[in-house]
Every structure is written in structure tokens, then in C-alpha cells.
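Trainee: Can you go through this model with me? I'd like to start with the annotated part and then look at the holes.

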Amino acid sequence: MTLDQDTSQQSILTEFFAFIRSEDFEACFHWASKELQQMGSAAYALTQQLEDSPHLKPNDFAELNAIETMLFFCASYSYARQEVEESNWYLHAETLVRSSVTALQSLPESPLNLALQKYAAIQIDICYIDRGIYTSQEWLMADATQNIKSHLQQIEQLQSQFNGLEQQLFQSHLAPEFSAYEHFSQGVAVIAQLCAIRWGDPEQLRHQMQTLRPQFSAAVAALTDDDRYIMSTDLEALWPPLTFLSEHREQNSGALIVERGSIRISYFANVNHVVSRELRQSLCDVVSQAPQSHPLYLSQWGGSGPQRNLLNDIWAGIAKDFEDIYSWQLPSLTLPFRNQGDENRQLEFEVELIYYPMGVFSLNLKAALDGTSASGVRHAMSLGTSFAMDQQMRCHGQSFGLLEEFVNDRFSKLGQSLSECFAQNEHPVPDILTFNERENRYVATILDRVVERIENETRPITARSLKSHVAYPAFVLQQRELRSAVDDWCLRTVTPEELNLNADCYNHDEFVFTNHHECVLGLLQQPNWVIEQSAEMMEVAAAINNLFHLTNKLLDKQLTTTLEQKGEQQKQSVASLEARIKRLTKEGQCLKQFTQDAHWLLELINAGSMMTFPDHTRMIHKVFQQMDFDKLHIRTQKTLNKIQARQDEIITETAKLHARIKSRNTKRLTSVLSGSMALISVGALKDIFDILNGSKLGIQVSGGLQVSIVTLFGIMLVILLINQKEDPNK
């Protein structure tokens with residue numbers, strides 16, 4: 001039956017649109033899923049897999065009836081709406097919407113069903129609008145509004161095909177939704193038109209804003225009157241950045257473009273200190289001996305095998321003990337980047353894995369930003385955040401939506417390779433590789449040359465003029481999850497100049513800002529070797545900072561484990577206790593070595609002995625301060641001391657228990673032997689009696705007397721065994 005003929009489907013739609021109008025998308029998803037679960041439908045399993053498997057094909061709905069299919073549509077569509085509201089997974093949400101449309105297409109065709117498909121498809125264009133806002137790509141917004149306009153025109157044509165009931169259902173459920181989309185699209189179209197000229201002639205921008213303001217205000221007012229709270233507030237927030245630019249743009253100023261620059265995104269993982277020394281030796285052997293195959297070649301990634309690296313000569317203080325640095329060159333990672341029209345620009349990241357002594361891996365991704373606008377730079381910087389928008393990434397034949405997914409995949413496989421490398425160890429190493437792709441990351445943006453584009457011409461811009469440009473905050477402001485409008489960074493407070501770390505090493509018009517997760521190097525007046533040296537300084541500092549951060553996580557877990565182990569050894573055998581003492585002693589030695597290395601490194605940092613030159617020493621001190629390193633290393637020292645003390649306690653307790661159990665077992669064995677001998681002696685009495693009775697000595701032991709003597713010996717044996725059992729520890 002078609003939708004207009006099936007009252008059950010109509011009831012589902014009534015419930016569905018009640019949720020939609022109240023903008024309670026999560027509740028809608030749970031309602032539809034629960035209905036499917038109660039029906040025992042196979043579609044319920046599909047709804048529970050939407051996060052990992054959003055793409056569904058027509059065959060997936062072949063065995064479902066109309067009610068199940070309609071409920072799945074409600075679940076998939078509302079899941080997509082909720083995802084758009086709470087995350088930046090727009091590509092994922094678009095896939096969910098397409099799956100919901102596929103579900104509707106499996107139902108009998110009717111004009112109302114086609115209208116419902118158009119309604120769902122418009123959400124894909126809403127995702128394009130959101131993506132355009134998040135990444136400041138106004139052309140995506142403009143294209144989306146044109147698509148929505150086309151959908152609405154097709155809806156008008158469909159209405160002429162409705163029968164009476166379809167027209168009634170359309171007016172009840174779909175007409176208000178299409179009306180809201182029309183108002184929202186009209187408002188976004190105004191913003192897209194203004195954003196397209198926001199870096200052109202400021203006077204023209206002001207004139208167009210004045211002309212289009214009534215149309216924009218009317219769209220906001222219509223949504224407000226219709227109680228479309230999310231749409232109206234989303235739309236209204238798009239105007240303030242344009243107001244700011246129109247009021248603060250100087251005449252004859254233009255858009256900033258990075259002529260030469262790059263972005264480096266790093267993720268960190270920590271090797272368990274139990275095997276860090278062994279790993280260092282293994283890497284040395286692999287490089288020097290070059291075996292035909294080895295787990296550390298990382299061939300499953302398409303890697304070229306490890307190579308030995310050296311630090312720059314500015315690291316005199318740590319050069320000797322940090323000389324064993326190894327790196328792997330891995331296949332590049334690419335993604336389409338800010339393409340307008342028929343453009344096919346790719347952001348291509350060179351991928352390198354670096355291993356630093358003391359057990360920290362750094363997975364580095366480096367890409368050129370040449371020809372990228374200030375808005376594009378912020379888009380690239382956001383890729384390395386925990387709130388990044390999903391992309392279409394490709395690497396070594398695999399697809400990824402987020403860098404986090406790529407890093408999780410690579411570090412998980414690295415952990416497997418390390419486990420394989422140390423598989424011959426007597427005891428498997430738990431948590432051989434620790435990482436947190438959302439927390440242990442660092443984004444470095446390097447600006448070498450910047451130009452200003454006015455109309456179709458570009459002119460070089462100096463470091464001083466850059467800092468006075470209205471778009472300067474785009475480069476130096478920290479990334480944040482909240483992005484409510486195109487280029488909304490222009491409304492934020494500029495990073496204070498006192499946080500600029502340029503004073504010790506660089507020119508007064510240049511800028512260097514950093515924190516725990518990111519840095520920007522605006523070294524427009526420096527040669528390339530200074531820029532590379534400075535970028536390495538930041539990378540090594542970030543690696544050391546994350547080494548201690550990850551170590552704290554692992555040590556916290558280890559401390560909890562050692563505290564929980566108290567009393568467990570009471571139930572263990574002598575052999576297991578001996579193995580435990582051996583393992584804990586080895587771990588304790590590794591921990592002591594790591595503690596010594598940590599103290600050595602911390603002392604170098606505190607004493608200013610890490611760097612070769614005084615200016616770099618002052619610089620690195622300030623970098624660590626901005627990264628909150630002081631609090632981190634103090635906490636590390638305390639945790640290391642606690643674990644070392646607890647491990648020593650456990651070893652001592654285990655050794656005592658081992659000695660006590662071994663002594664007790666020895667006494668038990670003596671008792672058993674004594675009892676056995678006694679039993680043997682009792683058994684031998686009969687033979688003695690037989691010998692005496694058969695001898696010529698004239699001694700005769702009667703049967704009754706024999707019984708009495710044997711009974712006496714038996715009683716004495718029982719008393720002996722009872723006494724031994726009363727105090728088994730003696």
C-alpha cells in the first residue's frame with residue numbers, strides 16, 4: 001500500500017513530525033528504535049549500527065515490511081539531525097540521510113512519498129551550509145541554497161499530483177517544514193552573497209549589507225514566529241562578523257594569503273618503560289644489521305624501515321643521550337581541500353613516524369599551505385583538533401574521516417608490531433603502547449611569507465603590517481570548537497602580546513605563540529634554516545611534554561594496579577611467587593632507569609643545560625612554561641616515587657611470604673616423612689613378633705599382647721600428627 005492508503009504509516013509520520021517540530025531529534029531516534037525492537041524487526045540491528053555502518057543499500061530493506069521501513073527512516077533521519085546538532089561529522093550525517101532516502105525509495109512510489117524524500121534530501125544541503133560556516137567556504141553555502149530552491153520548486157510541481165488525503169497530510173506535516181527551509185535558505189543566501197565580497201571593496205560591502213538587511217531580517221523573523229528556535233538563532237549569528245568587517249576594514253585592504261607556509265600536525269604515543277631500553281637496542285640492531293624482514297619495518301603501512309636521525313646542533317645538552325632517534329617515512333595522506341567549482345586541490349600530508357629515546361613515538365603529518373587564505377589556514381589547523389570536521393581522507397588504499405581515526409589505526413598497529421617484536425619475552429608486556437589521539441596532539445603552523453590580495457593583484461606584506469591587519473587574529477588565535485559564523489574569529493579578543501615568545505630569538509615584529517596543543521610561528525623575516533630550526537624546537541618540546549603526560553597516565557594505572565595487588569600473593573604457590581619476584585625486580589630496575597632518565601632530563605631543563613646557546617635556552621624555558629610543563633613533571637616525580645616505593649614493598653612482602661611458605665612446606669614434608677616412617681615401623685612390628693615367637697629365646701608374645709602393643713604405637717602416632725597440625729607455621 002502507498003503512504004496515503006496505510007494508516008499505520010500515517011500514524012508513524014504524525015509521531016515523527018511531532019518530534020521534529022519540537023527539535024527533539026535524540027528522542028525521535030530512541031522512539032523509532034524501540035518500536036523496531038519491540039516488533040522483533042531486523043531493522044533494529046541496522047539502527048544500532050548506524051555510527052559504524054551508515055551507508056545502506058536497497059537490498060538491506062528487501063525483507064522489511066512498510067512499517068519497519070518507515071520506522072527505520074525515522075531513526076536514520078533523526079540520528080543524522082542529532083549528529084549535526086552535536087558534532088561536526090557532516091559527511092557522516094549526509095550518508096545517514098541518504099540511507100533514510102534509500103529506505104523511502106524501497107516503499108511503493110507515490111507523490112507524497114516523493115515529497116518526503118525531497119524533505120529528507122534538503123538536510124544534505126543543510127549539512128553543506130554547516131560545513132561552509134565551519135570552514136568559511138561561502139560558496140558551499142551558496143550552492144546549497146540553490147539546491148534547496150530547486151527542491152522547493154519540484155515540491156510545488158508534486159502538489160498538483162496529490163489526492164485529497166495526500167494534500168491533507170502534506171499540509172499537516174510537510175508544508176510547515178518546507179516553509180521553514182525556504183526562509184532559512186533565503187537568509188543563508190544573503191550571507192553567502194555578502195561573504196563572497198567581504199574582502200573586496202569595504203564600501204561596496206557596507207552598501208550591500210544595507211540593501212540586503214531587510215531581506216535577512218525578514219527570514220529571521222519568520223523563523224522566530226514559527227518557533228524554529230534552532231534555525232532562527234543559527235541564522236541570526238551569521239550577521240555580526242560581516243558587521244565587524246564592514247566597520248573595521250581599511251580602504252585599499254584585502255584578503256591575506258599565505259604565499260609560503262606549512263602545517264605540521266603531530267600525535268604522540270608512549271612505550272611502556274619496561275621495554276623502552278630493549279626497543280632502543282632492537283632499533284639499533286635493525287638499522288645496523290638490516291635483516292630481510294622484521295616487525296619494526298612496519299611494512300603493513302608501506303613504510304621504508306627505520307633510519308637513524310640526529311638532532312640539530314642547538315640541542316647540545318641532550319645530544320648524547322638523545323642520539324638514538326629513529327624515523328620511518330610512510331605513504332602520504334591526502335584530502336580534497338577547499339575546492340570551488342571544478343577545482344581539484346588536494347592537501348597532501350607527508351607522513352613520518354619518529355621514535356625519541358625514553359620511549360615516545362611521534363606521528364608527524366606535514367603539508368604545504370602555499371596559496372591558502374587566512375580562513376583556509378584556520379581550516380587546516382582545525383584538522384588536528386578533537387572537534388575537527390570529517391573529511392574524505394585517503395592513505396595507502398584506506399579511507400578515513402578524521403585524522404583521529406588515521407592515528408588510532410596506525411598506533412594500534414604499531415602496538416601490535418611492538419608486541420610481536422617482544423613476543424619472546426617471558427612475560428607479555430601490558431599496555432606496551434599508550435596513546436590518546438584526542439589529547440596527545442600538537443599542531444604547528446609556520447608562516448614564511450604572506451601577501452595581501454586586492455581584487456586580482458597581490459602585494460607582499462611585512463611582519464609589522466601583518467600584525468596590524470584586521471585578519472591577523474586568524475593566525476594567532478587558539479582553535480576552539482565553537483564556530484557560529486563565517487570568519488567569526490574576527491569577533492574574538494586577540495591573543496595578548498605578552499604571550500608572544502619572539503623576544504629571545506626573533507625580531508620584534510615577528511610572533512611565536514604556543515600552548516599545550518598548538519603553536520604558530522610567524523617568522524616572516526627569517527631565512528629557511530631558522531624556520532626549520534624553530535619548528536624542530538617546538539616539535540621536540542611537544543614530544544617531551546607529551547612523553548610526561550602519557551607517562552603520568554600509564555603510571556596512574558600502574559599505581560592503581562599495584563595497590564590492588566596487595567594480599568593477592570597470599571593464595572599463590574612458591575613457583576608463582578618466585579616468578580613474581582623475578583618479574584617485579586626486572587620491572588623495578590626498568591622503572592629506576594626511567595626515573596633516572598626523567599630526573600636527568602628535568603634537571604637539564606631546569607638548569608638551562610638542554611640547549612647549546614643562551615637565547616635558545618631562554619626560549620625553550622618559556623615554551624615549556626606555556627605548555628604547563630612544570631605542573632606535569634612535578635606530578636610525574638611524585639607518581640614515580642609512589643610506584644617505586646609500592647613495588648619495593650610488594651617485592652619485600654612477596655619475598656617474606658615466599659620464605660615462610662617454603663619453610664612451612666619443608667616442615668610439612670618432614671612430618672609426612674616421619675609419619676610414613678612411623679607407619680612403616682608399626683607395620684614392621686608383626687614381623688618382629690613372628691621372629692621372636694619363632695626364636696629359641698623362649699619369648700612368646702601372645703596375640704592379645706601384640707594387639708595392645710600395636711594399638712599403643714598407633715595412639716602415639718595420632719598424637720604426633722595432631723601436634724604437627726596444630727601449628728603448621730612452626
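Trainee: What is the chain like over residues 141-168, and how far apart are the end C-alpha atoms?

Mentor: Over that stretch the chain is 86% helix and 0% strand, with the end C-alpha atoms 33 Å apart. Helices (H or I, at least four residues) and strands (E, at least two) are DSSP runs, numbered from the N terminus. This is a predicted model, in which local features need pLDDT of at least 70 and side-chain atom pairs count only at pLDDT 80 or more, while totals for chains, interfaces and linings use all residues. Residues are numbered from 1 along each chain as its sequence is written, and side-chain values use heavy atoms, with hydrogens and water left out.

Trainee: Which feature does UniProt place there?

Mentor: The unreviewed UniProt entry has "coiled-coil region" at residues 141-168. UniProt positions follow the numbering used here, feature names are shortened, and annotations may be inferred rather than shown by experiment.

Trainee: Now the holes. What is the volume of the largest pocket?

Mentor: About 850 Å³. On a 1 Å grid over the protein atoms alone, a pocket is an open set of points with protein on both sides within 12 Å along at least five of seven lines, a cavity is a set where a 1.4 Å probe fits but cannot get out, and lining residues have an atom within 4 Å of a point. Points are joined across faces, edges and corners, and a volume is the space filled by probe spheres set on the points.

Trainee: Which residues lie nearest the centre of that pocket?

Mentor: Glu138, Trp199, Ala255, Ile257 and Arg453, out of 35 lining residues. Elements giving two or more residues to this lining include helix H7 (138-159) and strand S10 (441-454).

Trainee: And how many cavities of 30 Å³ or more are there?

Mentor: There are 3. The largest cavity has a volume of about 120 Å³. Its lining has 15 residues, and the closest to the centre are Tyr134, Arg378, Arg483, Asp488 and Trp489. Helix H6 (111-135) and helix H13 (374-382) each give two or more residues to that lining.

Trainee: What does Val287 touch?

Mentor: Pro306 and Tyr326, leaving out residues up to four places away in sequence; contact means heavy atoms within 4.5 Å.
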